[in-house]
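My notes follow in the order I made them.

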Amino acid sequence: MSNGTKKTFQDIIFDTCILNYNGNPQIFPQLNTYYLDLLKRQFILAISEITIFELLQDATIKKEREAINILSFFKTYQINSKLLIAAAQLSTLYKEERIPNQQISTSDKIIGATAILTGSLILTADVNDFPRPFFQEAEEKLLVYKDKNRTKMLALQLLGPNQTVITERFSQRP
Amino acid sequence: MDKNTNQQDQKPGQGQAQPQPSQGTIIIAGEQIDINSQAVPSSPGTPSEVIGGLKEASEKGIFPQPPNSDE
């Protein structure tokens, strides 16, 4: 035993779509409350470098500067060759599982592989981008909001990589 | 298929997720890799900087809205 106060830190990697939803004033207050709750639980909020690419596409110079500044506050996972190999392998596993490859973008495979290699969770609003059995739900948060007098619901999921299944399937790849 | 893992044992609707230790190994490109040893993170800002940044992004509409936010 050391000092008995060892803390567990785990990152939550934001799927890019979560940051996109930030711009919706009807949803943001609830999103913000949820972020605070996650931080209170000692999670660390993180992004993949691919999210920087996705968010800066088509940005004006002003928005680009502002976005880079804001994204710099996040723990940011770099893309390296090991990660790209893992993302490609993940793509193979999806194919073997008969998950339509066109359904999941390269960016989402990179985010998925980052979560696998770092033992992180992923916060997403689209579970189809991180399919079972490779990812499984750790928590669901439903946000109900009004939009043009209509009540809508946004379902957020915290997903974790199922390392047991992934390791098994990696070893069984053709 | 085995849906259990030693990392995530919460089930949907069962309370709140808590941080779990990241451990284990995985074989990538023929090499055994320790989970959490690969992707190198940058140094993040403080939680209040992150929250403040997200608030600013929301107020100024810095990030593009999702193409299909009607779901």
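I began with A:Ile12, whose bridge partner in strand 2 of chain A is A:Leu45. Helices (H or I, at least four residues) and strands (E, at least two) are DSSP runs, numbered from the N terminus. The model is predicted, so local features need pLDDT of at least 70 and side-chain atom pairs count only at pLDDT 80 or more, while totals for chains, interfaces and linings use all residues. Residues are numbered from 1 along each chain as its sequence is written, and chains are lettered from A and ligands numbered from 1 in the order in which they are written.

Next I checked the strand pairs (DSSP must find at least two bridges between two strands). Strand 1 (residues 10-14) and strand 2 of chain A run parallel, with four bridges. Strand 2 of chain A is also parallel to strand 3 (residues 75-77) of chain A, over three bridges. There I found A:Ile47 with A:Thr76 of strand 3 as its bridge partner.

I then looked up burial: a residue is buried with 20 or more other C-beta atoms within 10 Å of its own, exposed with 12 or fewer, and partly exposed in between, with C-beta atoms placed from the backbone. In strand 2 of chain A, five of the six residues are buried, so the rest of the structure largely encloses this strand.

I noted B:Val50, B:Gly53, B:Leu54, B:Ala57 and B:Ser58 as buried.
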